Amino acid sequence: MNLDFSDEQKQLRDQVRRFLSEKCPPEAVRAVLEGSGRYDKPLYAGLAEMGLLGAAIPEEYGGVGLGHLELCVVAEELGRVLAPVPVSSSIYLAAEFLMQAGSDSQKAEWLPKLASGEAIGTFALVEGQGRASPDKIMVRESNGKLSGTKTPVADGCDADFAIVAARDEEDGISLYLVVLDDGSVVREELQTIDPTRGQARVTFTNTPAERLGPSGDGWHIASQVMDRAAILMAFEQLGGADRAMEMARDYALERMAFGRPIGSFQAIKHMLADMYVSATLARSNCYYGAWALGASPAEMPIAAATARVSATTAFQHCSKNNIQVHGGMGFTWAFDCHLYYRRSNALALALGSLSTWESELIERMGARNAETAA
């Protein structure tokens, strides 16, 4: 079994890396962080022009039709530069919901707009703190209209539409496609540790909603899409972890103390070695997830949870140790270390917290072991 990417996929990675090195330097991330906009619109348009937003979207709906493995490659490169764009909301989630459960008309209307960057989508699931579950969903649909509040919603202030999990008239959980520029929708921007990944509180008051997928099947569909999104986001985290490790290594080789590079000191060596181990372990699990994403749906639940847990741990570990290697300067605004630390903590909560995915992994492994024993 070869879990590595193909030569063509590696060429795509090099192409994307060159593009992002030019179009998304740290200054572009800081510009969004410091309040010039909630995301980098020129960068998002550039990704669309290159066909990267439509990498996994079929050609008949305006995409490139490459596949999810290519999207994993793109996700890792976006993570390396902390790209301040709503790709995870629009492509990992909204587009996946449409491709899996959307009607022909819903796909025809929204997928080309997502691939071209004309529209931004998002997924509204949680309604506050704690692990998401069907019994916690209080937003309700009645006669084709939604009422209630979702918070936080990723990129909720910029999205044109949302896929919303809500309680239907039969008290089951169904999915609904909701256009967010309706006057009955109120959106409030939330303050977060990483303003380059916007979050919002979205309130619906008798808002027109169109069902997405079969009635009462919303939680099942959402679980499948969330697993795929977890693998893609794990690649983003992997890219961030690798870049944070590289920053620490480079600084350790150039920073002098007592007449020698600080990288020659044992404590720094140990710190860098630990970063390398965590990032390498995460890469192994991410590649397992990518393989399951493309070739083995049966392995998806465990592969997704494994990739998510290891990548979250690695990114948080590497971003924190990057600051430590930089010493006092690492804590300052002038250095870029805090950008990676912010993003690591923001992504650790996206799609569910680390503890949530750890619990998912334990439960899924237990279920598989029980099936094997039976």
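I started with the largest pocket, which has 49 lining residues, with Met226, Leu349, Ala350, Leu351 and Gly352 nearest its centre. I noted what a pocket is: on a 1 Å grid over the protein atoms alone, it is an open set of points where a 1.4 Å probe fits, with protein on both sides within 12 Å along at least five of seven lines, and lining residues have an atom within 4 Å of a point.

Before going on, I wrote down that this is a predicted model, where local features need pLDDT of at least 70 and side-chain atom pairs count only at pLDDT 80 or more, while totals for chains, interfaces and linings use all residues. Residues are numbered from 1 along each chain as its sequence is written, and side-chain values use heavy atoms, with hydrogens and water left out.

**Back to the pockets**

I looked up the volume of the largest pocket and got about 1,300 Å³; a volume is the space filled by probe spheres set on the grid points, which are joined across faces, edges and corners. Which element gives the most to this lining? It is α7, with nine residues. Helices here are DSSP runs (H or I, at least four residues), and strands are E runs of at least two, numbered from the N terminus. I sorted the lining by class and found 26 nonpolar, 15 polar and eight charged residues. For the classes, Ala, Val, Leu, Ile, Met, Phe, Trp, Tyr, Cys and Pro count as nonpolar, Asp, Glu, Lys and Arg as charged, and the others, Gly among them, as polar.

Next I took the second largest pocket, at about 270 Å³. It has 17 lining residues, and Pro26, Arg80, Val81, Arg243 and Tyr340 are the closest to its centre. Elements giving two or more residues to this lining include α1 (7-23), α2 (26-33) and α4 (68-80). By class I got ten nonpolar, one polar and six charged.

**Aromatic rings**

I searched the whole structure and found eight aromatic pairs. Rings of Phe, Tyr and Trp (its six-membered ring) pair if their centres lie within 6.5 Å; planes under 30 degrees apart are stacked, over 60 edge-to-face, and the rest tilted. Tyr39 and Tyr44 are edge-to-face, at 5.9 Å centre to centre and 85° between the planes. Both Tyr39 and Tyr44 are buried (buried is under 20% relative accessible area, exposed over 50%, partly exposed in between, with a 1.4 Å probe and protein chains only).

I also checked Tyr251 and Phe335, again edge-to-face, at 6.2 Å and 85°. Tyr251 lies in α7 and Phe335 in the loop between α9 (300-326) and α10 (337-349), so this pair ties together parts 84 residues apart in sequence. Tyr251 is buried at 10%, but Phe335 is partly exposed at 23%. Phe5, Phe235 and Tyr287 make one aromatic cluster.

Is Ser90 buried or exposed? Ser90 is buried, with a relative accessible area of 0%, and it sits in helix α5 (residues 87-101). Beyond its neighbours within four places in sequence, Ser90 is in contact (heavy atoms within 4.5 Å) with Tyr44, Ala95, Leu114, Ala119, Ile120 and Gly121.

Ala314, in helix α9, is also buried at 0%. I found that Ala314 touches Ala241, Ser278, Ala279 and Ala282, leaving out residues up to four places away in sequence.
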